[in-house]
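Here is a short briefing on one structure. Read it with the 3D view open.

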Amino acid sequence: MKELEERYLERLSELYPTIAKASTEIINLQAILNLPKGTEHFLTDIHGEYEAFSHVLKNGSGSVRRKIDDVFGNTMSSRDKQSFATLIYYPAEKMERVKREESNMEDWYRITLYRLIEVCKRAASKYTRSKVRKALPQDFAYVIEELITEKAEVTDKESYYNAIVNTIIRTGRAEKFIVAMSELIQRLTVDHLHIVGDIYDRGPGPHIIMDKLMDHHSVDIQWGNHDVLWMGAAAGQRGCIANVIRICARYGNLDILEDGYGINLLPLATFALNTYEDDACGCFKLKGEPNYNPNEMLMDIKMHKAISIIQFKVEGQVVKKNPSFKMDDRNLLHHIDYDKGTIEIEGKTYELLDTNFPTIDPKRPYALTKEEEDIMERLEQAFLHCEKLQRHMRFLLNKGSLYKVYNNNLLYHGCVPLKEDGTLKPVRIFGRSYKGRSLYEVLESYVRKGFYALDEKEKERGKDIMWYIWLHENSPLFGKDKMATFERYFLADKETHREKKNPYYSMLQDVRVVDRILAEFGLPPEGTHIINGHVPVKSKDGENPVKCGGKVLVIDGGFSRAYQKETGIAGYTLIYNSYGLILVAHEPFESTDAAIEKESDIHSDSTIVKRVVQRKIVGDTDVGKELKEQIADLEVLLEAYRSGRIAERM
Ligand SMILES: O=P(O)(O)OC[C@H]1O[C@](O)(COP(=O)(O)O)[C@@H](O)[C@@H]1O
Ligand SMILES: [Mn+2]
């Protein structure tokens, strides 16, 4: 058998059959290595807020505005820059408004086109021609390329560009062209997007966000606990299904399931109306401000209670089925005294705020009634067979993982479970002990098994692990000692609602702890960062997302409206461009209409967390590393051609 290297060289020589071709490729790759590093954009905790998400994506957390500043500096007023930025974010909508006010549209088109060309040139200058070419909209690819590439051979550049721009206007294509250019600028401004978890729950549009992400040119996802909850539901895990429906009901978002995913909730609705007919279900009032009439509201509240009770039962069954999860203490239904309307938890007796449990048999509190069983059976099938949901989950599986190391940054949604002393906490998963990175890896492997394992037992374990990741004390995506869902619905004593965070969250200022985590994931202590989301940063209480002198960035995006009163602002996003890391604080997003009408943007403050001494180039990145390897391989091929070890293929 031929040596591996020999075979590899032969494969390579099929791609680069001559000395000329191999050397050209080396030159091209070398050129890419010297381009400035592409801009990375980090978003977390989007929680179904489609409009705010879409806005931040369009403005690249201020990156588009920065490009405008770079190009026009003091030659344009700040007001005009803002107006121009709004045009780039919402070209069609903005033009509709301009047309109502502007008397000389031709003039406006001309000025706008010139400005767009300038910004586009700047945005494209970081990439190779071939990469820009791939991003060009089909209809205008040729013209745009003409307009944004410097043409040394054209002597009278101005009249050359004028002629093109005039033709665009004369042929009635100006508006389409402006839209295409604006979208291209948006596309070129951010090279790569990281979603650091929690796309789902609380807000109304996670399914729309997923569609949008599936169209994105370059994205990776670190799953959040809410995302894994939906994955578990899609895999048919009943605890996950019940939680997903409960949270949709709680926020008045059952439409996501019914209209977004076509999951029929009628059986649950009918059951809830009958079972809780005379029950006001006061503990199950909705969060947020759903746009409901009183009847819809009442129906949703009843469904909220019905699915919550089902949840506590099916979760009880999951706990019993998995003694190794050691979660018996979270099963509470058998501690209720159904006659007295009280519950005993850890030796203390509490009054229940709601004592109407028509479906619970005190002797078998975790057993579903026949009707509940039917409902769950149907829901399980509906989730398993919802084509769109399965497509979204496959995308999460393909583009996502529990953690990622990317350009020297370590990204995960929640935490790395630690002991009180700051060392990695060992956790037992199905009889074996894991900690740190290996804990992440074993959990991720089980998530994938939950979808793909052929062995039924392993598949079941995988499904239950998704529920575990959602709420277990030792789950790196949850990181709190318990999820106090039952207590939060049924007990007045706020102390019982408290979910104590893993020591991780209070130790992020300790450089030894942080360096140990970095090392665990194979990263050196210098020039590296941990980036996580999950915990809202209460900036109104003086909390700071930057920890450990900038080594750790806790950037909960705070998109969730319901949480904004706790944080005081919307939240944070992060930009990593060739000049360094920029933390962006956002004000709450009012609406897309307001953003266009008032040209308000989301007012954001940027803080530079780290400015690099020398502008970073592609050669400094992970992609750069790969390119260098390719260059080295090609050098070997060249040498083989030259020494006659391999013949050129003519
Ligand atoms: O405020 P809500 O929507 O009821 O959710 C509260 C629950 O959500 C959690 O915070 C988990 O969600 P997050 O990952 O968004 O923090 C639980 O710890 C808590 O019990
Ligand atoms: Mn979370």
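Domain bounds here come from an automatic or database domain assignment. The protein chain is split into domain 1 (4-35 + 625-642), domain 2 (40-196 + 533-616) and domain 3 (206-471). This is a predicted model: local features need pLDDT of at least 70, side-chain atom pairs count only at pLDDT 80 or more, and totals for chains, interfaces and linings use all residues. Residues are numbered from 1 along each chain as its sequence is written, chains are lettered from A and ligands numbered from 1 in the order in which they are written, and side-chain values use heavy atoms, with hydrogens and water left out.

**Domains**
- The C-alpha centres of domain 1 and domain 3 are 50 Å apart.

**Around ligand 1**
- Ligand 1 is surrounded by 15 residues (a heavy atom within 4 Å).
- The closest are Tyr251, Lys287, Arg488, Glu499 and Tyr563.
- By class, this shell has seven charged residues (Asp, Glu, Lys and Arg), four nonpolar (Ala, Val, Leu, Ile, Met, Phe, Trp, Tyr, Cys and Pro) and four polar (the others, Gly among them).
- Domain 2 and domain 3 each give the shell at least three residues.

- A polar contact here is a pair of N or O atoms within 3.5 Å.
- A side-chain N or O atom of Glu499 lies 2.4 Å from an oxygen atom of ligand 1.
- For Asn225, the side-chain distance to a ligand oxygen atom is 2.9 Å.
- For His47, a polar side-chain atom is 3.4 Å from an oxygen atom of ligand 1.
- Alone, ligand 1 exposes 470 Å² (Shrake-Rupley method, 1.4 Å probe), and the protein buries 91% of that.

**Empty space**
- Rolling a probe the size of a water molecule over the atoms shows where empty space is left.
- A cavity is a set of points on a 1 Å grid over the protein atoms alone where a 1.4 Å probe fits but cannot get out; lining residues have an atom within 4 Å of a point.
- The largest cavity holds about 90 Å³.
- It is lined by 13 residues, and Ala52, Phe559, Gln564, Ala570 and Phe589 are the closest to its centre.
- Its lining has six nonpolar, four polar and three charged residues.
- The second largest cavity holds about 30 Å³.

Terms used. A polar contact is a pair of N or O atoms within 3.5 Å; within protein, one must be able to donate a hydrogen and the other to accept it, and residues adjacent in sequence count only if both atoms are side-chain atoms. On a 1 Å grid over the protein atoms alone, a cavity is a set of points where a 1.4 Å probe fits but cannot get out, and a pocket is an open set with protein on both sides within 12 Å along at least five of seven lines; lining residues have an atom within 4 Å of a point. Grid points are joined across faces, edges and corners, and a volume is the space filled by probe spheres set on the points.
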